[in-house]
Amino acid sequence: MLQKINSLKAEIEGLTASSAAEAEELRIKYLSKKGEVSVLFNDFRNVPSEEKRVIGQALNELKNFATDKINELRQAAEACQASAEAAALDLTRTPAPMPLGTRHPLKLVEGQIVDIFARLGFSVAEGPEIEDDWHVFSSLNFAADHPARDMQDTFFINREPDVLLRTHTSSVQTRVMEKNQPPIRIICPGRVYRNEAISARAHCFFHQVEALYVDENVSFADLKQTLLYFARQMFGPETKIRLRPSYFPFTEPSAEMDISCNLCGGKGCSFCKHTGWVEILGCGMVDPNVLDACGIDSKRYTGFALGMGVERITNLKYQVKDLRMFSENDRRFLEEFQSAR
Ligand code: DAH
């Protein structure tokens, strides 16, 4: 028996394990219920009583020895595994780049427009997208039978009381003039809605920026200078502007403004249909009827207003040909504006 104990001890002394799993296998082999050390304990019953003390002690020592040895092997294997994992982890590596989101091109351009007007003292005013006839049409001098009120253009939501989606941001003019007396100098960005079939060139919603300046002695010359400043800030110092007579119910006189084509510099290209000019906004002197309708004395005050489509300006700056791109949320398109500010 003593011999068996000694040879098993020698065997255990020479054990090795290269992983924690291997150490566990050894524990099962030697120390589990049917393991080799435990089997010797079973044989202890047959040991003559005069030898029991010596052999019992030797057996206990063997068990402790085996337990310690196998625990040691497990710990060494675990430490080895951990340091191998640590070696594989390179703490000096630069971290993987974090994908940054991009600002939407329409918001970028809207911000640029607002900034330019802010430098001239205009402050931002906003109004609701869900509007009524008075703010969108009647107060702005639209005749009762004006075609813009037609069902084809306007999303009417309710008749009594009348609720509709605003078709232009000019409604914000009324809202501000009703509550404030001149001087008024506001810039109104916002989303507008029209009942149009969606195509590359038209959408049922789009974005506008409206500007309004009302004070004593505001003249058409002020309007022209403001427009020239805006065009040069937005499209570069070489930009030229031209005004063509036009008609809007809320301005008199009214005009549309073209800028020299920013792609060909005015020489003529397919973008400007070889005219050298591209249209960018509508404008004019606020019609006295509008001032009166909003509670502003049209004998004392005059004003100018202008309105432009943000999609149009964005198209000119970044050549986005298809309007639908703006609302499809295709990341490949949106990520192109990574570096634009
Ligand atoms: N509200 C016009 C539109 O939606 C744009 C516009 C034209 C606004 C002339 C103005 C203006 O303030 O003076 O087409």
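Predicted model: local features only at pLDDT ≥ 70, side-chain atom pairs only at ≥ 80, totals over all residues.
Helix H4 covers residues 52-88, and Glu78 is one of its residues. Glu78 and Ser18 are separated by 60 residues in sequence, while their C-alpha atoms are 9.0 Å apart in space.

**Strand pairing**

An open sheet is formed by three strands in the order E2-E4-E3, with antiparallel pairing. Strand E2 (130-131) and strand E3 (156-158) are at the edges and have a single partner strand each, so one side of each has no neighbour in the sheet. E2 is joined to strand E4, residues 163-165, by two bridges, and these two strands run antiparallel. Within this part of the sheet, Ile130 is placed opposite Leu165 of E4.

Strand E5 has pairings of its own. Strand E1, residues 123-124, runs parallel to E5 and is joined to E5 by two bridges. Here Val124 stands opposite Ile187 of E5. E5 also pairs with E6, this time in the antiparallel sense and over ten bridges. Ile187 takes part in this pairing too, with Ala211 as its bridge partner in E6. E5 is mostly covered, since eight of its ten residues are buried.

**Around the ligand**

Which residues come nearest to the ligand? Of the 15 residues around the ligand, these are His168, Ser170, Arg194, Gln208 and Glu210. By type, the shell consists of five nonpolar, eight polar and two charged residues. Three strands each supply at least two residues of this shell: strand E6 (205-215), strand E9 (277-286) and strand E10 (302-309).

The table gives distances from polar side-chain atoms to an oxygen atom of the ligand.

| Residue | Distance to a ligand oxygen atom |
|---|---|
| Gln173 | 3.5 Å |
| Arg194 | 2.9 Å |
| Glu210 | 2.6 Å |

On its own, the ligand has 360 Å² of accessible area, and the protein covers 89% of that area. Arg194 and Glu210, both in the table, are also among the residues that come nearest to the ligand.

His203 is located in the loop between strand E5 (184-193) and E6. Is His203 buried or exposed? Its relative accessibility is 10%, and His203 counts as buried because this value is under 20%. The side chain of His203 also makes a polar contact, at 3.3 Å, with the side chain of Ser327.

Helix H10 spans residues 310-318. Which residues of H10 are buried? They are Val310, Glu311, Ile313, Thr314, Asn315 and Leu316. Just after H10 comes Gln319, which takes a positive phi of about 50°.

Note on methods:
Residues numbered from 1 in each chain as written. Heavy atoms only, no water. Pairing = 2+ DSSP bridges. Helix = DSSP H or I, 4+ residues; strand = E, 2+ residues; numbered from the N terminus. Near = heavy atom within 4 Å. Polar contact = N/O pair within 3.5 Å; in protein donor to acceptor, adjacent residues only side chain to side chain. Areas by Shrake-Rupley, 256 points an atom, 1.4 Å probe, with all protein chains shown as cover. Nonpolar A, V, L, I, M, F, W, Y, C, P; charged D, E, K, R; others polar. Buried < 20%, exposed > 50% of the residue type's maximum accessible area, 1.4 Å probe, protein only.
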